[in-house]
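Here is a structure to look at for the first time. A few questions and answers follow.

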Amino acid sequence: MQVQEIMTSNPTCCGPDASVQEAAKLMDDNSVGSIPVVNDAGAPFAVVTDRDICCGAVAQGKGPDTRASDVMSKDVLTTAPDDDVEECCTKMEEKQVRRAVVTDAAGKCCGIVAQADVAREASGKETAKLVQKISRDEKTSGCC
């Protein structure tokens with residue numbers, strides 16, 4: 001199975017100058033927990049998550065006008081649409097992330113694959129392995 005078979009195509013994105021309030025509104029409007037941050041050419045270079053906003057802005061007493069670039073996660077994991085889902089899961093496990101941004105041949109954001117997508121589409125064994133590896137205690141992030 002390839003990533004393109006399970007990814008969410010054309011995800012909502014924002015630029016680094018978007019406010020955390022704008023990013024949160026996009027998340028709310030689209031029922032998602034993360035937004036890829038893209039440059040002017042549409043290439044992703046970061047992700048802003050609901051956790052980034054909560055822990056990087058709200059918990060720190062920063063206002064709603066705080067820029068996404070001030071709280072975003074810069075270590076974005078990318079994958080290609082024709083990558084094997086198992087290969088994508090391995091990358092997610094290694095980085096202990098719940099989402100990978102899908103980029104096309106030109107390097108532009110064309111999709112996103114989340115742990116939930118794997119859970120819906122992959123085998124129970126693949127899903128259990130992914131959840132277990134991502135959830136291990138070796139890495140801490142955010143405020144919690």
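A crossing of two helices is left-handed if the near helix is turned anticlockwise from the far one by less than a right angle, and right-handed if clockwise. The model shown here is predicted.

Q: Why is the crossing of α1 and α2 called left-handed?
A: The near helix must be turned anticlockwise from the far one by less than a right angle. The crossing of α1 and α2 is left-handed, so it falls under the anticlockwise case.

Q: How do you know at what angle α1 and α2 pack, and how far apart their axes are?
A: Angles run from 0 to 180 degrees between N-to-C directions. On that scale, α1 (residues 20-30) and α2 (residues 50-58) pack at about 150°, with axes 10 Å apart.

Q: What makes the contact between α1 and α2?
A: Contact means heavy atoms within 4.5 Å. Helix α1 brings V20, A23, A24 and M27, while α2 brings D50, I53 and A57. By class, six of these residues are nonpolar, none is polar and one is charged. Asp counts as charged, so D50 of α2 is the charged one.

Q: Which residues of α2 are called buried, and why?
A: Buried means under 20% relative accessible area. D52, I53, C55 and A57 are the buried residues of α2, so each has under 20%. They pack against α1 and β3 (44-49).

Q: What makes up the lining of the second largest pocket?
A: Lining residues have an atom within 4 Å of a pocket point. There are 14, of which T8, V32, G33, S34 and I112 lie nearest the centre. Strand β2 gives the largest share, three residues. By class, the lining has six nonpolar, five polar and three charged residues.

Key:
Residues numbered from 1 in each chain as written. Predicted model: local features only at pLDDT ≥ 70, side-chain atom pairs only at ≥ 80, totals over all residues. Heavy atoms only, no water. Helix = DSSP H or I, 4+ residues; strand = E, 2+ residues; numbered from the N terminus. 1 Å grid on protein atoms, 1.4 Å probe; cavity = no way out; pocket = protein on both sides within 12 Å on 5 of 7 lines; lining within 4 Å. Buried < 20%, exposed > 50% of the residue type's maximum accessible area, 1.4 Å probe, protein only.
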